[in-house]
Amino acid sequence: MITLFIDNQKVAVKEGTTLLKASEKLGIEIPTLCYHEGLPPYGACRLCVVEIIGEKKNRMVAACSFLVDEGMKVLTISDRVLKRRRMIVEFLLARCPDIKAIRDLADKMGIKKPRFKTKNLDCILCGLCVRVCNEVAGIGAIGFVNRGKKLKVDTPFHLASDVCIGCGACSFVCPTGAIEMELDAVKRFRELLGIEHKCRYSLMGLVSYKVCSNNYECWRCKVDQRIRDSLATHPIFAAKKIKTEKVNQYFSFLKKIQE
Amino acid sequence: MKIQSITDLKQAIEIQIQKRKSTEKPILTISAGTCGRARGSLRVIKALKNAIKKQKLENDIKIKVTGCHGFCEAEPNIIIHPHNIFYQKVEPKNAKDILAQTVLGNKIIDQLLYSDPSTKERYIQENDIPFYKHQKRIILGDNALIDPTDINDYLSIGGYLSLVKVLSSMTQEEIIEAVKQSGLRGRGGAGFHTGKKWEFARKAKGDTKYIICNADEGDPGAYMDRSLLEGNPHRVLEGMIIGAYAIGAEEGYIYVRDEYPLAVEHVSLAISQAKKLGLLGKNILGTGINFQIHINKGAGAFVCGEETALIASIEGRKGEPRQRPPFPAMKGLWGKPTNINNVETWANIPVIIEKGADWFSKIGTNGSKGTKIFSLVGKINNTGLVEVPIGITLREIIYNLGGGIPGGKKFKSVQTGGPSGGCIPDKLLDLPVDYERLAEAGSIMGSGGMIVTDENTCMVDLAKYFLNFLRDESCGKCLSCREGIQRMWEIVADITKGHATMEQLYVLEELALKVKDASMCGLGQTASNPVLSTLRYFRDEYKAHVIEKWCPALVCKRLVPSPCQDACPVGIDVPSYIAMIAWGKFNEAVDLIREDNPFPAICGRVCNHPCELNCKMGEFDKPVAIHSLKRFCADYVLKREGYNVPSIQSKRKERVAIIGSGPAGLTAAYNLARLGYRTTVFEALPVAGGMLSVGIPAYRLPKEIVKAEIDAILALGVEIKTNAAIGKDLSLNDLKKKGYKAIFIATGAYKSLKLGLPGEDVLKGIIDCVTFLKDVNLGNQKKPGDKIAILGDDHISVDAARVCKRLGSSEVNIIYRRSKEEMPLDYSEIDQAIDEGVKVHYLTIPNKILSKEGKVAGLQCIHARVGKADSRSRRELIPLEGSEFTIDADTIIRATGQVPDLTFLNRKFEISNWNLLVVDPYTLQTNVSGVFAGGDVVTGPATVIEAIAAGKKAAASIDNYISGKKFEGYKRPKPRMQIEPIQLTKEEEELKRPKMPLLSRNKRLQSFEEVELGYTEKMAIREAKRCRRCDIEE
């Protein structure tokens, strides 16, 4: 166990815990955007910056990905931290002034209007969609294209993806609603020849039946809603969770859905 | 052939060393790195080989093709052994001569030798050249000795001996201890201690470990890693093998960008040669050590120089950094402990092993040991790579090695450390270069790029350039870096366009500080440095952009449509009148000039032409001869119908008095008359024109020209009263009583300052320069003496010298305290004076006046050298002991500055400590209401064009005062019109600036005839076509 001090409160956590988790244990809330329970930390949005008191000078690090160290002293609401966070939110607000999640964040910090030219974009490039597609679904239909000021999320060469399974996880994790699930991706499956018809839930490994009772007309499918109701998360995370942790329960769970 | 044991390798090396020593035939060493090749070294090699073949000397003369020697300015260069003769900028056509004259005939070809740009001294051997002499080339020096494609050549300079030493006598701990003791710090930028880094990697848990050589050199203007990999790849490999053995790695990677094809080629070749020899691979030299090196070619992303991004890139992922810790030493490539060092760091290892940690740690400063390679680029005479001991001052690097700033321009700043570094201003030139000091100054060592800028570089524009680079090169992963740099760029771009407000400037500074903090990797954390350091040292320049909407360096296009117009104190629309001359419309051109300046013919002769100093053409060729063109069209019109009388706005009844008929007074009169005022000029001397008539000698400015231009002003109804000294016959109050609504004082500065030498008041034979010139100009053409010594710091000293020569004095000396570069005048004038027989003594301090029977007999002087800069950045003079000498002289002319004679003014006026009249800088009004002043009486001795500018400003201000308008602030000049550019033929695009035709020397010394004869019509039109019309480009 490692002991550290967050905002002067002592806490003991396991080695390899992130500062974000350690703070959670103390009930200290640190705002995040690119962080997701089901994904490895990424540290891109910088909203979760905290200050670590150092011998010579203090450092600013991302709480979501920085690991705890023995005797570490961390400040999560210092003046320096709050100023940096405000800057991040101001950047976000200038980039996506119409996104509710961003506006709420800005309201919370008392930022009314950004001091920069506004852009009116949807995507904040947090990378959640890219990571869920690559790391959880294991598909890699979308990725980051270009770098620096031209960075964007796209399919390779901006062409309709051949590999997308239409799971919709990208849309589910998107904090700004920049990705909307159109059933176009799924329609592709319907256009295949009869015996090659595919169901996205079978591709995700969530259902095992061979023939769809809705004749592969996904918009009539109720599975999605039922899974979400019972899991309170996207099925893709459920699939991973269940696969790794409770294989047996998974099968009984599937049976329940199929019944 | 594989070498099986350590002793065998040692033997092989010794054989090669002996072989090198015993070679007696001449060797021609030719540099052919990427830069050399770009300047045609391959063609030179081909030509040389052909020449040797023709003479059938293939077996007697050897050609060795090496990598870059560092002196890019002199590429392609050849060193001819055994005498080490250094030839620079060799062309294929020189090959035959080099072979016949130097190699076979032992004769030196003078034109090919390096000559110092300032002293013009020629150097024969490479090591004598200041650029090389002040370096300490323990790493880069070998580049000049070896053929990088031949491993035996590397062995012959004792290469791989360090490997022998390590494998035969050192344990892994001892190696790491040695590197730690040496104090070597990472040369990639951050400067972490290499020994400590190795220790971490060695102690990290795990069987598989990797080492990486970071050759992803992406800084604009830095290329030392490329030069090392191209010119001496085995040295880097040797360092890596030693490192791998010490750390316990069996595999290594060289991550090099694909933009370095020659480096990739040479390293690949070196690896295969080392493998063949058994220095890489399994069971190296029978010691049981295995080590492989792979080359990984990067696609050229700046961020991949960051170690975690580099690792991601080798693994095949997108080059994005991740949060550290864990550091690569714990969890690096493929999750295994990994040690990453820069190319230069690896290249340092063999030296440390060979010469010992003690030897190495004696070089450098307390915290930073060894040497560092810098790439010296930008506005510097000797562009190239320099290797210097850490702790050397910037001044030494820039002036001793770099040879100073080209074109006699002023140094402004040096940008160190590439886009992540900062700008260091001239006041910190004596800063010792090491990791800590640079950081304190707001910059970083970085990989060692040094971009020198001169006065024509806009610091805001420079910051914009780096931000633009970074916003492209940021990986975009972390928001603060991606958005922060973009937003900072937007603000800086706004500033350069003149759209920004002061609030935005504060936001910029705030962003810069926060982005530094909140970003994940080194790129974002240092991205603000260009902004922060320029804001720290050049805030006034930012403010000028924001408040005055003005770019002092005349770079930002939106603010400064054409630099020549903006550099001109009166803001003449230069591009338009040059274009008119090109079209052949000389009358219109003169009218356009006279909108702003009533003296085109005078300024065409005597102006110091700041316009030409800032001409864009001057950056790659000689600037357009703006002042000669102005003179041509004015002369053309004067010779024919004369100037047009400009239109007068509605007549007014108010009267204005102007005291002094110099350029300031007459310009004010001209402009006021055009506004309709009735203007009277009072002049104390019998002629009008002030210094134009009585100061400047006729051989520079003929009297009839002055008269013609003054007459053109009189044509507007201006009245001039000569022999009317104010104070004697009339007082200022009398003028007011007589109904003059406003008075403009422009009486100039005629009183000479004393030298401060004992005896100057009592001895005969000491005269004032101004009085002397005035007497000569008014007709008293008697020679002042035979042997003249002129003590001066101004152009009038040169004038006096040339006048003395014309009056028949045999020996004329000018004694100048400072160097030629610091003289505030056009060099062509000094050159003409020297041509006429005047002697100029630079950096000379007069000590004592020698006398004989109450008369001057000579002057004792002492030479001096320039010391460190004082706080006003003017460098102090240190007399050189024992360098005293005497100049024979019967007359001493003092030209050491003048002050105005203000005795005619009453006590109400505010006068400064320097005995100058104090005025409001914007309105030129003195503390007495209705009395204005301008020109030399306010500024001290200055140029004609500055006096004209003061006159123009005063006229506008007096008009405001009389009409009761409020002062609205000074407006920057804007183009008055847009002239269609002329279509140039192919031949006309290649035109060169014509030389000004001069009177022959003999004729010159006999009379006061004008020396510069002026352009002909054909010359003028062709010269006007050289203008590149930067005023209409966007």
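**Exercise 1. In what sense do strand S1 and strand S5 of chain A pair, and over how many bridges?**

Before we start: this is a predicted model, where local features need pLDDT of at least 70, side-chain atom pairs count only at pLDDT 80 or more, and totals for chains, interfaces and linings use all residues. Residues are numbered from 1 along each chain as its sequence is written, and chains are lettered from A and ligands numbered from 1 in the order in which they are written.

*Solution.* 
- Step 1: Find S1 (residues 2-6) and S5 (residues 73-75) in chain A. Strands (E, at least two residues) and helices (H or I, at least four) are DSSP runs, numbered from the N terminus.
- Step 2: Strands pair if DSSP finds at least two bridges between them. Here there are two bridges, and the sense is parallel.
- Step 3: Pick out Ile6(A); its bridge partner in S5(A) is Val74(A).

**Exercise 2. Find out which part of chain B touches chain A.**

*Solution.* 
- Step 1: Take the contacts (C-beta atoms, placed from the backbone, within 7 Å). They link 26 residues of chain B with 25 residues of chain A.
- Step 2: Look for helices giving at least two residues each: H18 (459-473), H19 (479-497) and H20 (502-518) of chain B.
- Step 3: H19(B) gives the most, with eight residues.

Conventions: Contact = placed C-beta atoms within 7 Å.
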